[in-house]
Amino acid sequence: EMTLCMMIDTVVIGDFHWDALDALKQYMETEWVLDFIKRTPHLDLVVIAGDYFDTKILLNSRSSIYAIRWMGELVKICRQRNTKIRIIRGTTSHDNNQLDAFNSFENENPDQFRIIRTCTAEETFPGFNCLYCPDETIPTKDYMDLYHDRLFAQKYDAMFFHGSFDVVVPNIAIQESESSGINNVIFKYDTFERIARVMIGGHWHDGDHHNHMYYTRSLNRWAFNEEKMKGFIYMTYDTDDKSYNIQRVANVYTDHYITRSLNTMVFKGMDDYHALMEDIDDMLNRDETSNLRIRIKILIEDEKVENDNGINALKHHYMNEKRVKIALKNAMKEKKKKEDRKKNDLIKSEFAFVQDKTKTPSQIIQEFILHQKGRIIPLDVIDDFVNKVLK
């Protein structure tokens, strides 16, 4: 048995986000993962690294039906292969408490199938000690205090997690839907590097690695600004010499999201717009599977008449093409808005005395005349004038 467990083969998959895509499409695009797990010569462990669900979904919705069906198929395959499954709870706003839908699998065989809802230490296999860290809504200091004894009890072979590491928080912040709240734990890399020999987890959809810490990335792609390869991580860990090997397994079935940026200062005339359309048309014609999405980002920075003509030509050309999205950003209008806001702020600051409740109407009038005409009118003169008008 010890010989069999010397090399631990693990698949780590993060961020399915069931309900973020069309359910049937997602199910068909993830069937290959089950096929991979079924055909891999040796596999000890499958870790779902959080955000299996995207949001709260109705039990009878297509997303729920396919998500539960996919998990059921995974459990069946893994039981036949004697492969263990560990599911880590993801971000609260995504997974919520919906992993409870799989409680029956855990009740039937808690050693083979386990849902991880809080920081958990486990000798998953003989000589393979694991730390499982879900994304918990608790400040980092409180987290370290709460789990101190568990975290520092030993040196773990692997840490599987869902959440943010301090060394990559600025990068994750770009991914708005996945930005952690102020009360979410942020794992400190320097601390966890001393605790675990390798760290693998989910949350950052376009993530990479930092020394011994790896993000799985999301299994599928459904948004722009995620250019990196999608898929999951396959790790082989040697419990004898504590070395490991990481491989990224690519999802070749997922959609491709490409952004083409256009600056009107650079585009001189209609020929440039026609050349862009030819280039995009060529990409669309080569897309046999219809899983290409193209965004044309246009930054308007000047007032050439060609701008309107070129943009209208693009809109008309791709009017019935669902795979192409045109996004406009008028830098000139934004610049004018900023200037107007600045001007309004100056006026508000300059005439703030008008709304000063500690001043009498006569004092406000006196200050206004001083500001506009540079003359100081005595308050009694202003009072007499105001009284006459009121009478």
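1. Charge. The protein has 53 positive and 62 negative side chains. The centres of the two sets lie 5 Å apart.

2. Basis. This is a predicted model, where local features need pLDDT of at least 70, side-chain atom pairs count only at pLDDT 80 or more, and totals for chains, interfaces and linings use all residues. Residues are numbered from 1 along each chain as its sequence is written, and side-chain values use heavy atoms, with hydrogens and water left out.

3. Overall form. The secondary structure comes to 13 helices and 17 strands. Here helices (H or I, at least four residues) and strands (E, at least two) are DSSP runs, numbered from the N terminus. The radius of gyration is 30 Å, well over the 21 Å that the globule rule gives for 391 residues, so the protein is more spread out than a compact globule. That radius is taken over C-alpha atoms, and the rule is 2.2 Å times the number of residues to the power 0.38. Along the principal axes, the C-alpha atoms fill a box of roughly 105 × 60 × 45 Å.

4. Surface and contacts. Of the 391 residues, 45% are buried. Buried means under 20% relative accessible area, exposed over 50%, and partly exposed in between (1.4 Å probe, protein chains only). The accessible surface comes to about 21,000 Å², with 52% belonging to carbon and sulfur atoms. These areas come from the Shrake-Rupley method with a 1.4 Å probe; for residues, only the protein chains shown count as cover. Among contacts (heavy atoms within 4.5 Å) with a separation of 6 or more, 69% join residues 24 or more positions apart.

5. Strand S13. In S13 (residues 231–238), 8 of 8 residues are buried. S13 runs antiparallel to S1 (residues 7–13), joined by 6 bridges. Strands count as paired if DSSP finds at least two bridges between them. Valine 12 stands opposite isoleucine 233 in S13. S13 also pairs with S14 (residues 244–250), antiparallel, over 7 bridges. There, phenylalanine 232 stands opposite valine 249. The S13–S14 hairpin has 5 residues between the strands, and its lysine 242 takes a positive phi near 65 degrees.

6. The open sheet. Six strands run in the order S5-S6-S7-S10-S12-S11, with mixed pairing. S5 (120–125) and S11 (209–210) stand at the edges with a single partner strand each, so one side of each lacks a neighbour in the sheet. S11 pairs with S12 (residues 213–215) in the antiparallel sense over 2 bridges. Histidine 210 has methionine 213 in S12 as its bridge partner.

7. Two loop residues to check. Most residues other than glycine have a negative phi. Histidine 17 has a positive phi of about 55 degrees. Histidine 17 sits in the loop between S1 and helix H1 (23–39) and is buried at 0% relative accessibility. Aspartate 51 also has a positive phi, near 55 degrees. Aspartate 51 lies in the loop between S2 (45–48) and helix H2 (62–81), buried with a relative accessible area of 0%.

8. Lysine 315. Not counting residues up to four places away in sequence, Lysine 315 touches Ile326 and Leu328. Alanine 327 is 12 residues from lysine 315 in sequence and 10 Å away, C-alpha to C-alpha.

How values were computed: Lys and Arg count as positive and Asp and Glu as negative; His and the chain ends are not counted. The place of a charge is taken as NZ of Lys, CZ of Arg, CG of Asp or CD of Glu.
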